[in-house]
Amino acid sequence: MDAHPMDGDMPAAACDSEAARLLPWHLTGRLAAADAARVAQHLGQCATCRADYESQRALRERLRDDGPLEYAPQAGLAATLARIDELGRELAAPARASSSPAGVELPAPARRAARLRAAHWRAPQWLAAAVVVQAIGLGVLGSLLHARGTATAGYETLSTPVADAPGGQLRAVFAADMTLGQLADLLSARGLQVVSGPTEAGVYTLGLGPASHAAVGTALRALRADPRVRFAEPTRLAGPALPAGPAAVPQARP
Amino acid sequence: MNRPALPGYLQAVEPCPARPAATGDIPLDPVEGIPTLSERAEGDAPERRLLARVAEGDRDAFRDLYLRYHRRLARFLTRLTHRREDAEEIINDTMWIVWQRAADFRGASRVSTWIMGIAYRRALKMIRRAVTHERAMLLEAVDDEPSNDQVVESSADRKLLERALAQLPLEQRLVLELTYYLDHSCEEIADIMECPVNTVKTRMFHARRKLRVLLGDSHAAGGP
């Protein structure tokens with residue numbers, strides 16, 4: 001469908017010259033000089049294309065009329081910046097642990113770039129996981145939803161800030177083949193409860209009840225360490241930062 | 001000669017009819033978020049500088065870039081998905097990828113081409129997912145009454161145009177949008193859509209022909 005050898009099947013009614021095909025970009029001023037000259041010369045000779053030029057100009061004006069469309073970028077910007085902050089905190093922890101003993105540090109941008117490269121495509125991976133969960137269906141997990149009696153009318157995505165789940169501290173996506181029993185075990189072992197979800201994308205909002213931030217961080221790490229957890233992130237990004245450095249992390253005892 | 005010739009610097013600010021498109025009530029360049037002619041003449045150096053700062057982790061630069069791109073992404077993606085909420089989600093995913101991959105941008109293309117390409121691919125993924133879920137929003141032509149409040153409210157004229165656009169194959173609709181709204185060149189569109197330049201020209205050609213039929217000769221798409 002995409003391959004189109006030549007101009008052979010162009011409509012007979014219209015001019016089928018190469019110049020006619022370039023007309024739209026002549027109109028927008030986006031042709032290279034040689035092409036622009038060619039089209040200009042052709043326009044001087046071809047009444048069909050001159051008429052077409054005028055009609056395309058009118059079409060372009062109509063297309064550029066946004067009408068009542070309103071743009072409100074602030075909410076999306078805030079959500080994306082929050083996501084960036086979380087990524088930064090996540091990446092800061094291992095870097096701090098590894099860089100101090102050697103005493104040799106890369107310049108900050110290089111260090112950050114290296115870490116970012118390591119984290120590349122993390123988001124697409126977990127988004128893909130969310131899609132898989134969604135695609136396979138929420139049959140098993142849906143029963144939990146019913147048990148919670150929660151309505152999921154909204155279309156919440158991973159990047160949506162959770163303002164309407166007061167007890168929610170974490171968001172997570174679980175493996176599609178995880179059973180309800182396994183899910184319940186995993187959550188209860190970490191003192192977690194489902195606050196809301198799953199959303200259409202399979203995202204659960206989880207809560208710890210009255211827990212310290214350290215506990216949220218611990219639960220977060222535990223979830224991330226579990227292979228059945230496709231994705232986990234904190235929902236609260238304001239307030240005290242999650243424990244990042246080694247000092248704040250409860251060390252595993254030998 | 002009724003009046004003396006103007007000095008050169010004043011001649012430069014005489015009414016400038018150079019751009020054939022700049023007529024009528026609708027200003028063609030000052031669409032917020034779309035580079036103006038003078039910005040375009042400068043190339044995308046400012047955006048490259050912004051992106052370089054983003055690669056260094058500069059949040060302020062990221063904020064600038066986000067705000068610069070939000071409008072054109074919103075418009076482009078709303079055309080693709082027909083749903084503002086989907087468009088917003090794709091914008092955030094796109095800009096998130098931009099944040100993470102800014103250091104990988106090698107400057108082989110314009111910044112805008114690079115970002116629109118990311119958005120295009122994210123949108124295609126979402127559309128495939130949506131089709132799986134029988135939301136089939138793309139095939140939902142714009143009805144007489146909007147199916148929900150996400151569908152842009154339209155004047156009669158706009159509604160006619162929207163309906164005609166909805167009948168174009170997705171690729172043709174996007175080439176039209178990338179050309180006439182976002183002012184991308186043929187080569188840039190080929191980069192964004194990852195197809196040969198000739199395919200872009202052909203898609204545009206067919207889009208114009210189809211619109212001419214759909215809108216009727218009295219409308220913009222075709223003169224008698």
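How many bridges join strand 2 of chain A to strand 3 of chain A? In this predicted model, the count comes to three, and the two strands run antiparallel, with strand 3 spanning residues 204–207. Looking at one position in that pairing, Gln193(A) sits opposite Gly207(A) of strand 3 in chain A.

Zooming out, this pair belongs to an open sheet of four strands in chain A, ordered 2-3-1-4 and paired antiparallel. Strand 2 (193–196) and strand 4 (229–234) of chain A take up the edges; each has a single partner strand, so one side of each is left without a neighbour in the sheet. Setting direction aside, neighbouring strands of the sheet are turned by 35° against each other on average.

Chain B is another story to tell. Out of the 224 residues in chain B, 41% count as buried. Among chain B contacts with a separation of 6 or more, 61% are made by residues 24 or more positions apart.

Helix 7 of chain B (residues 156–166) gives a closer look at burial. Its buried residues are Leu161(B), Ala164(B) and Leu165(B). These cover an arc of only 100° around the axis, which puts them on the same side of helix 7 of chain B. And what covers them? The cover includes helix 8 (170–180) and helix 10 (197–215) of chain B, along with helix 3 (47–63) of chain A.

How values were computed:
Residues numbered from 1 in each chain as written. Chains lettered and ligands numbered in written order. Predicted model: local features only at pLDDT ≥ 70, side-chain atom pairs only at ≥ 80, totals over all residues. Pairing = 2+ DSSP bridges. Axes fitted to C-alpha atoms, helices over the stretch in contact; angles between N-to-C directions. Buried ≥ 20, exposed ≤ 12 C-beta atoms within 10 Å, placed from the backbone. Arc of directions from axis to C-beta. Contact = placed C-beta atoms within 7 Å.
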